[in-house]
Amino acid sequence: MPSFDIVSKIDGQTLDNAINVAKKEILNRYDFNGSKSTIDLDKKTNEVTIVTENDMRLKAIQDAIISRMVKQSLDPKALDFGKEEYASGSMIRKEIKIKEGIDKEAAKKLVKKIKDSGLKVQAAIMDDQVRVTAKKIDDLQAVISLCRTEDFGQPLQYINMRN
């Protein structure tokens with residue numbers, strides 16, 4: 001039976017490239033001259049850590065990261081902005097988590113949307129992805145177009161289309 005998987009993944013190398021270009025862009029700006037701002041990407045935990053002096057610079061760094069991700073064809077919905085914390089002295093720290101895999105709530109919402117559509121398909125949650133099977137490929141393509149119309153809070157990719 002034809003099937004495909006709905007996943008939420010982000011390319012690590014492209015993300016690393018986007019963060020490095022944003023870091024160079026920020027540190028070369030005039031308003032960041034003499035700043036102690038740092039941007040670090042931890043590839044193991046998939047977290048970006050920003051440390052800077054004030055809210056204005058923090059917002060500028062976030063905007064630079066988002067614009068770089070868009071230019072690198074990465075979806076900024078994959079970023080989960082946490083709360084700001086005060087680091088040592090007058091420094092502000094913000095940790096941005098990168099969402100990988102579909103969480104349980106989004107997967108349930110996705111399966112419910114597919115089942116409510118009335119298409120003759122079966123959707124099953126498998127760990128951090130959703131597998132959709134049907135008798136016809138046309139039904140699977142209808143599911144893909146249905147999922148693209150709604151926002152599930154994270155970027156979705158459609159892989160492993162099998163006949």
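Colleague: What is the order of the strands in the open sheet that contains β6 and β8?

Modeller: The model is predicted: local features need pLDDT of at least 70, side-chain atom pairs count only at pLDDT 80 or more, and totals for chains, interfaces and linings use all residues. Residues are numbered from 1 along each chain as its sequence is written, and side-chain values use heavy atoms, with hydrogens and water left out. Helices (H or I, at least four residues) and strands (E, at least two) are DSSP runs, numbered from the N terminus. Two strands pair if DSSP finds at least two bridges between them. Here the order is β6-β7-β1-β8, with antiparallel pairing. β6 (121-126) and β8 (157-162) are the edge strands, each pairing on one side only.

Colleague: How many bridges join β1 and β8?

Modeller: Strand β1 (residues 3-7) pairs with β8 over four bridges, in the antiparallel sense. Within β8, Ile-159 stands opposite Asp-5.

Colleague: Which strands does helix α3 touch?

Modeller: Contact means heavy atoms within 4.5 Å. Axes are lines fitted to C-alpha atoms, for helices over the stretch in contact, and angles run from 0 to 180 degrees between N-to-C directions. Helix α3 (residues 104-116) packs on the sheet and touches β1, β6 and β7 (129-134), its direction making about 175° with that of β6. Helix α4 (residues 137-149) lies across β1, β6, β7 and β8, at about 175° to β8.

Colleague: What is the strand order in the sheet that contains β2?

Modeller: Four strands form that open sheet in the order β2-β3-β5-β4, with antiparallel pairing. The twist averages 15° from one strand to the next.
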